[in-house]
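The report below describes selected features of a structural model. The sequence and coordinates come first.

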Amino acid sequence: MSNLIEIIDLEVCNVISISNMIENIGFETKVVKKPSSLELGKKLILPGVGSFGPAAKRLKDLGWLSYLKSNQDDFSLLGICIGMHLLGNGSEEGPGEGLGFIDATVKLISTTLSPVPHMGWEELQSLKSNFSLNQVELSKFYFSHSYFMECENDDDVAATFSYGGQIFPAIVSKENITGIQFHPEKSHRHGASLLRNFAELNV
Amino acid sequence: MYKRLTPVLLIENGRTVKSIKFKDNRYLGDPVNIVRIFNSKEVDEIVILDISASKNHQGPDFDLVKSLAEECFIPCAYGGGIRDVKDATRIFEFGYDKIVLQNSFFLNRNILFQISQLRGSQSVSLSLDVQTGEEGDFLLYDYAIGGPRNQDLSEVIQSAVELGCGEIIINSVDRDGCMNGLDLNLVDFVSRKCKVPFTVVGGLGTLDHANQAIDHGADAVGGGSFFVYKSKTKGILISYPSQSLIKTVKS
Amino acid sequence: MTMTECSQCLMDSKYITSVSIHPDGNCSQCVEFEKNLPTRTTAGDEGKLALQRIAAINSKKHHLQKYDSILGISGGVDSCYLALTAKTYGFRPLLIHIDNGWNSSLAVSNIEKVVDTLGFDLVTYVLDWEEFSNLQRAFLKAATPDGEIPTDFAIQALLWRAAREFNVKTILTGMNYLTESGHIPDWAYGHSDWRYISSINRRFGDTPLRKYPKMTLFDLFKYTYILRIKRISILNYIEYNRFEAEMLLVKTLGWEKYEGKHSESIYTKFYQEYLLPTKFGIDKRILHLSDLIRAGQITKGDAKNLLEKNPASSNASLRNTIRYVLKRLRFDEVEFMSILSSENKKYSDYPNNSKYVYTIRHFIHVLRRLKLYPQ
């Protein structure tokens, strides 16, 4: 049961795809809407699609902002896409407070060389070793976003991708907090391997 | 950046079909297993379009749409009969990354804005069917009635982008099912007018065709016949170029 | 104590009533095998020469046509090896695939490899899913152990039809006596019995069969005696060894192996690995492995090890398969549980033409012995 993965549902995106993929690779998941519904609270996934503003509002209104900040050392947290953006301080995309776990601000991708939103498959460049990429073929992962996370500390960036002639963080990581810009649940077996690494993490 | 090579699946009354120039729909089989096979082949993305919903003045067949999403661990988009934000929300909840609009956009353009506000622009695509007129101009086509839309393609593209559309899917009616190359003039035209990524569909017969379209500015190439027919006798068999071949589609 | 287990193969008369044990310890299937092998197959160089001759005559017969034969391909080892053999001996087949909506991705890619590498043309007949899935549901409700009949019958009917449509007089089949000698009537019958199929659909089905390929005994007569379409089992001329065949396919086509025999179809995997053992206590691997033992392609010891190591129904991939099948056949748990626990039936419990079919089969067998009918 220590491998139970609890998926935070802010009701701004579907959590089914992530849940399905994790169950498919043989691990148990539970979708939780409020902190009080948490069973173990040890391995948490914060997915997010859409835009920062509504997500940040739900994070606060549902009680996650205060719960996660107060219990920061008790869990391993994986934020995906907007979920990754919520790990930072805030976003240009909309109002609301982020968790502040990673010292970063979310900004609009601005490049004239390639269209925005960025939708497609990218290879990653790994900067430092990270549990998420253990034994994962550094092949392509699927991205779908217009905003990216600009980190204050280079140390927090575990992997990058290039787009429109610039380099952006693909994976950010600090201690027990990890954020990924791409969608593992859409990246078939590569995504499945990454999620398995998270599921098998020793907490 | 890898350009996407996207199978586009057409569903008519719950059955997968393939057309030629938007006619003569040939039965390909049950969509659930077809989607399952594409998923196993780890395609870049799959676009599922219900071409009968709007014609029948119906909303999406939610049971079918849900059962298809369950087979996807790849990016998937759904379009067909989406009438309002409520329909769109339900589709997103099934697990689709994007919804594709056409008819409802032309009935009320605001729906695009509402959905992009809800889920971000990357979650909504606009699908446009285009025929080439006698003077080589591009005319919007309404597949539900089988006639012209009488709206200006440039204006529609511009308006859609302003309203928050994340992607335009441009289908050539004339090249549909012909497998003799994508309409490169159309690609040039859209490339000049469109500020967001666009996928061109219609006429894909070889990977060279895809490369040409990308050289002319397409961000992704969609296909139907290319992924479902084999040999000159057009035996129905789902295929997708192996990863090593796809590299040639990289920009 | 009477021995019920065959001393050579895995057949046990205690479980399979149509099998009996002879005084020398061999079962009736093994005895029949020794008797029939010389009439049903041609070994060694004689076989190869005979096949060359057959190919040449057949080609000449179709010399003005693009295709000189029809070949059904499923993606499995037998049909893929059949295609490779056909190519080797100079046949010009049109490949026919019957898509029943249950293709595994691996089957599809293996067929693709055959088509691309050997340069054949492919035609696919797609069964109407609504009717076909309804018929599969009906067979499950009928509780007979031959739920693969909807597929097998359709394949037969459509191969004949293809031969007629493309004006070709030869169907190449992957049947081979050497590794497919055993048969247990109670387990499967009705491959050619339209009356049986329509009676099951009438009783348990929800949709009439309009698009499903119908074929009556009269149609069969038309195909064989009026149109003179012949089926040739070319694998009977080349001492077919399934293991060697797999290796050669891997080497020449990049073919990929399946988990079990016939796992190219998701439904067959469900049926043979889950439904048959669970509901009927039937493990078809016993039949398949006995065939291979008789053919000298596996020892009894190795066969027994295989059976023990992988019990018929286990593992996570089987669970996923079961879930998928129930989803597509629209069974909820309750309905499926009642099917599993319903009383087991046999084909003889439903209207059928078995009398006629057996008579015809016997007649053809006699013709074969008189060398008046091809193998």
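## Conventions

Two residues are in contact if their C-beta atoms, placed from the backbone, lie within 7 Å. The model is predicted: local features need pLDDT of at least 70, side-chain atom pairs count only at pLDDT 80 or more, and totals for chains, interfaces and linings use all residues. Residues are numbered from 1 along each chain as its sequence is written, while chains are lettered from A and ligands numbered from 1 in the order of writing.

## Glycine 96 of chain A

A:G96 is found in the loop between β5 (90-91) and β6 (104-108) of chain A; strands are DSSP runs of E with at least two residues, helices runs of H or I with at least four, both numbered from the N terminus. Leaving aside residues up to four places away in sequence, A:G96 touches A:F52, A:G53, A:A56, A:K57 and A:G90.

With 18 other C-beta atoms within 10 Å, A:G96 is partly exposed (buried means 20 or more such atoms, exposed 12 or fewer, partly exposed in between).

## The sheet of chain A

Eight strands of chain A form an open sheet with mixed pairing, in the order β2-β1-β3-β4-β13-β12-β11-β8; strands pair if DSSP finds at least two bridges between them. Because β2 (29-32) and β8 (125-126) of chain A each have a single partner strand, one side of each is left without a neighbour in the sheet.

Strands β4 (residues 76-81) and β13 (residues 177-180) of chain A run parallel and are joined by four bridges. A:L78 in this region stands opposite A:T178 in β13(A).

## Chains B and C

In chain B, 19 residues are in contact with 18 residues of chain C. α1(B) gives the most to this side of chain B, with four residues.
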